Amino acid sequence: MTVAPRMVDVFLRYLKAERANVVFGVPGGLLHPFFEAIEQDPEFQLIVTKHEEGAAFMADGYARVGRRLAVCAGTSGPGATNLLTGVSVAYADGIPLLVVTGQAASHALGKGAAQETSPEYMDTVAMFRPVTKYSTMVPSPGKLSHHLRLALRLALTGRPGPVHVNVPVDFWEQPKQEDWFDPSTYRPTTHQFDRAAVQETARKLMSAARPVILVGSGVAAAGAEEHLRTLAELLPARVATTPRAKGVFPEDHPLSLGVFGFAGHTDARNTLLGSDVDALFTVGASLNETTTYNWQPELGARRAFIQLDIDAERIGRNYPVDVALVGDAQTVLIELIYHIHRTIRDGSAPASTWSAAVPLVRGHERYLDADSRQSDALPVTPQRWRADIDEVLPEDAVVFSDIGGHMLFNIHHLQISRNQRFVLNLGFGSMGHGVAAPIGAALAVGSRPVVAIVGDACFTMNGMELLTANEYQVPVIWIVENNQMHGITWHGSKLVGQRRPMDSVVYRRPLEVAAIARAMGLSAWVVDRPGQIQRVFSDALRLNAPCVIEVRVDGTLPPPLGDRAKTIAGFTKT
Ligand SMILES: Cc1ncc(C[n+]2csc(CCOP(=O)(O)OP(=O)(O)O)c2C)c(N)n1
Ligand SMILES: [Mg+2]
C-alpha cells in the first residue's frame, strides 16, 4: 500500500536536498511525528543526545566543520529553551542551523495545552528571534514549505546563521499541499564583487613595502584558505590570524605571524601595532574586542586600511577604512589574485620588502613562557604537554578548544599547520561547546581525527554527551586538562577587582575525570608527566573510538591572560 505524501515527507525531502542528513535532538510528544519520520527514513541518522544544548552544539560542530546546513530539534517548552544557548553560539559565529521545535496542536493554541508555547503563553518564537536570522511559527500546513524555504534561504545566504521553525504537532501528517522546489530555485548562489574596489585593493597591496593580512574566520567559512595563501605568497605579505581563525593560515608557514589578539603572539602584536606596516588588509575579521587588544588605535593608523567582509554592517565599524570590499572572501580573493597577476604580467613588480626583512622567530622562542614549554617539572606544565602533543597531532586533525584558561594556552601554545583545523566558539564563548560540538564535527568529516582540548569545568558542564559519542561510536579524543578549578576565574581574580584569588572556584573534592569517563564506558588514560602524552595519544588514535585523556597539570601557572584582564579592569572603571 502506498501512503499519500504528507507534509513531513516534503520537509524531509528539503533536508536531503540540502545534504543535512543527520538530525540531533531529544524527541518528545509535540514533535513526535517529525522524529518518527526521521527515524524511519534510512537516509537520515537520528542522534539522540543527552540534553538539547548538546544537540545544538553538535549541529553547530557538524555545520562548522562540514561546511553545510545542520539540523537540531527539540520538543516544545523545555526542549526548545534547552536549545537556546547552542543556537546563540551559532548565531554569534554565523553558523547555518535549522532549528525545529514542537508546538501544541493548532486547535488547542491559546487554551492552555500542555507545554504550549504560543504567543499567548511562553512565546518560543519570540525567544529565538534575537538569536536567529528568522524565527516563526508555521501558520497552516499549506504554508510549511513556504516558511521552510524562506528559513533555508536566510540560513544559507550572505553571512550564514541559524533559523527557527516551530510547528504545531497536527501539521506534520497533513497531506502534501505544494509542489517541490529544488534548492537552486529558492536560494541564490551569487558571486558579487565590486570591480573598482578590487582594482584599488590590488594597487594598494602592490605598492605597499610592508603589507600585512589579518585573517578572520570568514576565510574558513568561505573555504578561501588556499586563495589567501596564494595572495600572501604572491606579494609577499606577512599574515596574522584572529584567535578564532587560528590556523586558517598555517602557523608553520614562513610568512605566519601567528595569532593577533587574545592570547596571541608577540610577532603579530609588534608587527600589527608597530609603525612599519603601510597596508593592512583584513579578510573576514569582525575586528571585535578580542581581536584588536581592546580596539587599539594603532591598528587603524595605516596608510592603507582595506577591509573585506561579507557583512556591510561590519565595514568601518571600529576603524575607518580606505577601501571597503563587501562580499564572499573566496569570490573576492579570486578576483584580486587575478588582477594582481595581470598587473605583474604587464610588467609591474610588487613593492613588498618582506623577503629582505629579518625572518620571523620559530621554535620555543616564538612563545611566551618558552621555559615552561621545555620544563621537566612534575606535575606537567600546561605549556609543556602542548609542546609535546605538537609532535604527534595528525596532519589532518580537527582540534576543538573550549572556553577557559585552557583556551588561552591552546591559542598560544598549539601550532596549527596546513590541513589541520582549529575550532573555537569565541563569539558567544559558551563553556561546553568544545565538549559536545566535536561529536557533530566527527560525524561530518568521517575519517579525519577529531580532538577536543577542554577544561575540567567545561567537561562537567556537558560531559554527559560522552555517553552519546559512546552509543553511536563517534571517535572523538577528549583531552581534559584538569587543574581542579575554574582556572581562568581563579587567575583572573588576582588581576581585577580587589585582586584576591577567588577560592570558591577551586573544587572542594578532587574531580576524577578518567574515572568518570570509564564509568561511562569509554577508555581513559591519566597523564601527569612531561613527555608522556605522545605515546598515550598514539594509543588513543589507534583505538578509533571515543576516549578520554585526563592531563593533570600544575594549575598555579597562569594562562596568557594579560590583556583581557586589563580590558575587564578598564570596563569596570568609570
Ligand atoms: C556557559 C558559561 N558559563 C560561564 C562562563 C564563564 N566562564 C568562562 S571560563 C570558565 C571556567 C572554565 O573552567 P575550566 O573548563 O576548568 O577551564 P580552565 O580555566 O580551568 O582552564 C567560566 C565559568 C562561560 N564562558 N560559559
Ligand atoms: Mg579547570
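Helices are runs of at least four residues assigned by DSSP and numbered from the N terminus. In the predicted model described here, Trp490 belongs to one such run, helix H19. With a relative accessibility of 15%, Trp490 counts as buried, because the cut-off for that class is under 20%. Although Trp490 and Gly405 are 85 residues apart along the chain, their C-alpha atoms are separated by 9.6 Å.

Gly405 also takes part in the surroundings of ligand 1. A total of 17 residues are found around this ligand, and those that come nearest are Gly405, His406, Asp456, Gly487 and Ile488. Several polar backbone atoms face oxygen atoms of the ligand. A backbone N or O atom of Gly405 is placed 2.7 Å from an oxygen atom of ligand 1. For a polar backbone atom of His406, the distance to an oxygen atom of the ligand is 2.9 Å, and for one of Ala457 the corresponding value is 3.0 Å. On its own, ligand 1 has 600 Å² of accessible area, of which the protein covers 76%.

The shell around ligand 1 draws on separate helices. At least two of its residues come from each of helix H15 (405-413), helix H17 (456-462) and helix H19 (487-493). Helix H17 gives the most, with four residues. By residue class, the shell comprises seven nonpolar, nine polar and one charged residue.

In general, most residues other than glycine have a negative phi. Gln484, which is not a glycine, has a positive phi near 60°. Its relative accessible area is 23%, and Gln484 is therefore classed as partly exposed. A positive phi, of about 65°, is likewise found at Asn294, again not a glycine. Asn294 is located in the loop between strand S10 (279-283) and strand S11 (304-309). With a relative accessible area of 31%, Asn294 is partly exposed.

Cis peptide bonds were also identified in the model. One joins Leu235 and Pro236, with omega at about -15°. Pro236 is situated in the loop between helix H10 (225-234) and strand S8 (238-241). Another cis bond joins Leu378 and Pro379, where omega is about -10°. Pro379 occurs in the loop that runs between helix H13 (370-373) and helix H14 (382-390). As a general rule, most peptide bonds are trans.

A further loop position is Gly216, between strand S7 (211-215) and helix H9 (218-221). Gly216 has a relative accessibility of 0% and so counts as buried. The C-alpha atom of Gly216 is separated by 5.4 Å from that of Thr242, a residue 26 positions apart from Gly216 along the chain.

Key
Residues are numbered from 1 along each chain as its sequence is written. Chains are lettered from A and ligands numbered from 1 in the order in which they are written. This is a predicted model: local features need pLDDT of at least 70, side-chain atom pairs count only at pLDDT 80 or more; totals for chains, interfaces and linings use all residues. Side-chain values use heavy atoms; hydrogens and water are left out. A residue is near a molecule or strand if one of its heavy atoms lies within 4 Å of it. A polar contact is a pair of N or O atoms within 3.5 Å; within protein, one must be able to donate a hydrogen and the other to accept it, and residues adjacent in sequence count only if both atoms are side-chain atoms. Accessible areas come from the Shrake-Rupley method with a 1.4 Å probe; for residues, only the protein chains shown count as cover. Ala, Val, Leu, Ile, Met, Phe, Trp, Tyr, Cys and Pro count as nonpolar, Asp, Glu, Lys and Arg as charged, and the others, Gly among them, as polar. Buried means under 20% relative accessible area, exposed over 50%, partly exposed in between (1.4 Å probe, protein chains only).
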